[in-house]
Amino acid sequence: MVITSKQHQPHHGTIRAMVALMITMAMAGALSACGLGGDQGSSAGSSDHVTIAAIYPKTGLYAEYGKMFQQGFDLAKDQVNKKGGIQGKRLNIDYYDTQSDAKQDAAVAPKIASDKSVIAVVGDYSSPASSAASPIFQQAGLVHYGFNNSSPTFTNSGDHVWTPQISQKINQEVNAEAVSKRAKKISVVYLENDWGKESFQYFKEAAERLGVQIVYQSSYLPDSTDLTPILIPAKNAAPDAVVDIGYGPDGALVANTLRDKLDYKGPFFGGQETKEFLSLTGANAQGAIITGVFSATGTKDAKAKAFVKSFEDRYHTVPGNFEITAYQAIMDLAYAGEKTSPTREGIQEALGKVKDFPLYQGRGGTFRFNTKTRRADTIKPILLQVDQGKFKQIEE
């Protein structure tokens, strides 16, 4: 995005070792969440409702995304319940603040898996954090619906791990194509984590196929506060454009450093479709291009318009990519439960066989999952560009 349906965290080897330890603890009955309790109490044993567990960053570096997710989750939950719940059962959402940190995801997963009222899990923000919990949910026969997880390897943990999110391979191919129409030589900076390195490789391969020359490249740490040392040579390489493959806060740091400190005036590809990115960058974001899934102002689809109106009526703000995908996730799981049964087994069965999940992201129509990849391959990205402080869809 370089939307990255934006992710940080430890190396995969570290995550695998940590997850193995947590699974062993879970099997031994050590199901405490290491101090991470849900925002709502456990409701195991009740017959009049079912629960979706949400693992998300309520606090920490990615708290802005957690706020957007919860707005989408809560709106969907209330709409489901207003229509009678899922086969007559009231839907609850139990929230677990993980700060989108892999260690915290792995720690809280056994507690969620042991709660029999939980029929599915949504989250986390980052793919590395989500992947730390997936094996525990897989072992428990509990669907892990990583609605924001764009890593192409996210669903590798097992057949109960699903995502409707566009993979970074596809996102970066679209991103590279947009870049190729505007630049022939570029400087690229990217997040130094599993997600960032993987995304950069997809972008690099696509850019080279399209004849775009990368004249400078460098990674940076997620918690970096001064990127001048890597952006000076990025500018000095005299690129036609600078591309950042990262999240919103770091994308803002890149843009502001280029514009304010280095007087770079060329095209910029990067950032994320969030109010935080726009507020941090101000005029420096003008013209920035990213990939996304939704444009509240550009949609003509009736379902998407209804979502936008409901969201604006409730929260008095315009929704974006992260709010709509969170909303979509709860609606998907509720629809799955209606088609089969509001149980762990029913959700898993429905994701594999239902062919008409309603799509709320502005394109109209429905979608289905590829049962081999457990991804919604038919959902495609769009391009968004900042114009006068707003993200607007652009056509290529």
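Buried means under 20% relative accessible area. By that cut-off, helix H12 (residues 344-353) has Arg 344, Gly 346, Ile 347, Gln 348, Ala 350 and Leu 351 as its buried residues. The model is predicted. Its largest nonpolar core has 100 residues, and 12 salt bridges are counted.

**Nonpolar cores**

- In soluble globular proteins, nonpolar side chains tend to be buried together.
- Within the largest core of 100 residues, the most contacts belong to Phe 69, Phe 73, Val 122, Tyr 145, Ile 186, Phe 203 and Leu 231.
- Helix H11 (residues 321-339) supplies the largest share of this core, with 10 residues.
- A second core is separate and has 13 residues, among them Val 118, Val 121, Phe 137 and Leu 142.
- Beyond its neighbours within four places in sequence, Tyr 145 touches residues including Val 121, Val 122, Gly 123, Trp 162 and Pro 164.
- The contacts of Tyr 145 also include Ala 329, Asp 332 and Leu 333, as well as Leu 351, Phe 367 and Phe 369.

**Cover over H12**

**Packing of H2 on H11**

- Two packed helices are described by the angle between their axes and the distance between the axes.
- For helix H2 (residues 63-82) and H11, the axes come within 7 Å and cross at roughly 35°.
- The crossing of H2 past H11 is right-handed.
- On the H2 side, the contact involves Tyr 65, Met 68, Phe 69, Gln 71, Gly 72, Phe 73, Leu 75, Ala 76, Lys 77, Gln 79 and Val 80.
- On the H11 side are Phe 322, Glu 323, Ala 326, Tyr 327, Ile 330, Met 331 and Ala 334.
- This contact has 13 nonpolar, 3 polar and 2 charged residues.
- Phe 69 and Phe 73 take part in the contact with H11, and both are listed among the residues with the most contacts inside the largest core.

**Salt bridges**

- Side chains of opposite charge can pair when their charged atoms come close.
- Glu 173 and Lys 169 form a salt bridge at 2.8 Å, N to O.
- These two residues are separated by about one helical turn, because they sit 4 residues apart in helix H5 (residues 168-180).
- Glu 173 is partly exposed at 27% relative accessibility, and Lys 169 is partly exposed at 39%.
- Asp 78 and Lys 77 pair at 3.8 Å, N to O.
- Lys 77 is buried at 17% relative accessibility, whereas Asp 78 is partly exposed at 31%.
- Lys 197 bridges to Glu 192, with the closest N and O atoms 3.6 Å apart.
- Lys 197 is partly exposed at 31%, and Glu 192 is partly exposed at 32%.
- Shared partners join Lys 77, Asp 78 and Arg 314 into one salt-bridge network.

**Backbone points to check**

- The peptide bond from Gly 123 to Asp 124 is cis, with omega near 10°.
- Asp 124 lies in the loop between E3 and helix H4 (127-139).
- Ser 100 is not a glycine, yet its phi is positive, near 55°.
- Ser 100 sits in the loop between strand E2 (90-97) and H3, and is buried at 0% relative accessibility.
- His 316 also has a positive phi, about 60°, without being a glycine.
- His 316 is in the loop between helix H10 (302-315) and H11, and is exposed at 70% relative accessibility.

How values were computed
Residues are numbered from 1 along each chain as its sequence is written. This is a predicted model: local features need pLDDT of at least 70, side-chain atom pairs count only at pLDDT 80 or more; totals for chains, interfaces and linings use all residues. Side-chain values use heavy atoms; hydrogens and water are left out. A salt bridge is a side-chain nitrogen of Lys or Arg within 4 Å of a carboxyl oxygen of Asp or Glu. Buried means under 20% relative accessible area, exposed over 50%, partly exposed in between (1.4 Å probe, protein chains only). A nonpolar core is a set of buried Ala, Val, Leu, Ile, Met, Phe, Trp, Tyr and Cys residues joined through side-chain atoms within 4.5 Å. Contact means heavy atoms within 4.5 Å. Axes are lines fitted to C-alpha atoms, for helices over the stretch in contact, and angles run from 0 to 180 degrees between N-to-C directions. A crossing is left-handed if the near helix is turned anticlockwise from the far one by less than a right angle, and right-handed if clockwise. Ala, Val, Leu, Ile, Met, Phe, Trp, Tyr, Cys and Pro count as nonpolar, Asp, Glu, Lys and Arg as charged, and the others, Gly among them, as polar.
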